[in-house]
Each structure stands twice: as structure tokens, then as C-alpha cells.
Amino acid sequence: MVDVTLLPALPEEELEERFIRASGPGGQNVNKVSTAVELRFNAAHSPSLPDDVRARLLKLAGRRATSEGVIVICAQRFRTQDRNRADARARLAELIARAHEKPLARVATRPTRAAKLRRLEAKRTQGERKRQRTRRTSIDE
């Protein structure tokens, strides 16, 4: 189970882990041991998520979500498989926690009278500045 604090936990069956060789520093160990973790979670078909959370999760995931709705998280920050595994699960839990937060509805506001007057005054001064830049030619020339 992935523990998502204050949220229903995800069953282990919904997660798929693959261990692959990590890139970067690590010496010979990098060439021998598969320490990087690729965690896959099928968010589109998960019965553990409500529909609104699922939609927000796929939107938040961005490039990490495939076209089929599978979220793929690659963790290779650490040198050990266990720490990378914990890191991938923590990142997934954090993503799901952010998806559970409902966004606040925007309250429509209108500009105040003073703000409208300031805007018009700024437009007037800018127009005057541009008018002063133009070269005046006399009719006699």
C-alpha cells in the first residue's frame, strides 16, 4: 500500500515497478546493478480515485502521464534501489495529494473608478509623449 496521508491508500496491485539501470555517477556499480525505479500507476482506470481527482491528477502529471492515462515516475536520484523506490512512491503520493486539493473558484471583480481613471490618464500621457516625438513640417517648405 502507498500511504497517501489523509487520503485513501492505493492498493499495491495498482502499482507496477520496473527496476532499470540508472545513468550518472556511481562507478562500476552503475553498470552492474539496476537501482533506478520506474513506477507506473494507471490513473485512468484506477477504482481508488474519484473522477474529479483523476482529472486533476492527469492534468497535474503533465508529461509524466501517457496518452492511455498511465502515470510514469522515474526515480534515480539515489544509489540504492530501496531509496529510489521510496522516492518514487513519495513523489506519486505528493502528486495525488495535490490532485485532492480542490481549486478555489475565481471570484469575478470589476476595476474601481479610480483604477479606470488611472488607466485613462496613463493612456493620455503616453499619447501626448508620442505626439511630441513627431516632427512638425511647415506648409511653406
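Me: Before we dig in, what do buried and exposed mean here?
Reply: Buried means under 20% relative accessible area, exposed means over 50%, and partly exposed is in between, with a 1.4 Å probe and protein chains only. This is a predicted model, where local features need pLDDT of at least 70 and side-chain atom pairs count only at pLDDT 80 or more, while totals for chains, interfaces and linings use all residues. Residues are numbered from 1 along each chain as its sequence is written, and side-chain values use heavy atoms, with hydrogens and water left out.

Me: Thanks! Is Arg 54 buried or exposed?
Reply: Arg 54 is buried, because its relative accessible area is 14%, which falls under the 20% cut-off.

Me: Where does Arg 54 lie?
Reply: In helix H2, which covers 51–61. Helices (H or I, at least four residues) and strands (E, at least two) are DSSP runs, numbered from the N terminus.

Me: And what does the side chain of Arg 54 reach?
Reply: The backbone oxygen of Ser 46, at 2.4 Å. Leaving aside residues up to four places away in sequence, Arg 54 touches Ala 43, Ala 44, Ser 46 and Leu 49; contact here is heavy atoms within 4.5 Å.

Me: New topic: what pattern does the chain follow?
Reply: Along the sequence, β-α-β-α-β-α-α, with four helices and three strands in total.

Me: Which strands pair with E2?
Reply: Strand E1 (residues 15–20) is joined to E2 by six bridges, antiparallel, and E2 also pairs with strand E3 (residues 70–75) over six bridges, again antiparallel. Pairing requires at least two DSSP bridges between two strands.

Me: Which residues stand opposite Val 37?
Reply: Phe 19 stands opposite Val 37 in E2, and Val 37 stands opposite Ala 75 in E3.

Me: How many residues of E2 are buried?
Reply: Five of the seven in E2 (residues 36–42), so by the under 20% cut-off the strand is mostly covered.

Me: What about H3, how far does that helix reach?
Reply: Helix H3 (residues 81–100) has 20 residues and reaches 29 Å from its first C-alpha to its last, close to the expected 28 Å. The expected span is 1.5 Å times one less than the number of residues.

Me: What do the buried residues of H3 pack against?
Reply: They pack against E1, E2, helix H2 and E3. Among them are Leu 92, Leu 95, Ile 96 and Ala 99. An α-helix has 3.6 residues a turn, so residues three or four places apart point the same way.

Me: Last one: how much of the whole chain is buried?
Reply: Buried residues make up 28% of the 141 residues.

Terms used:
A polar contact is a pair of N or O atoms within 3.5 Å; within protein, one must be able to donate a hydrogen and the other to accept it, and residues adjacent in sequence count only if both atoms are side-chain atoms.
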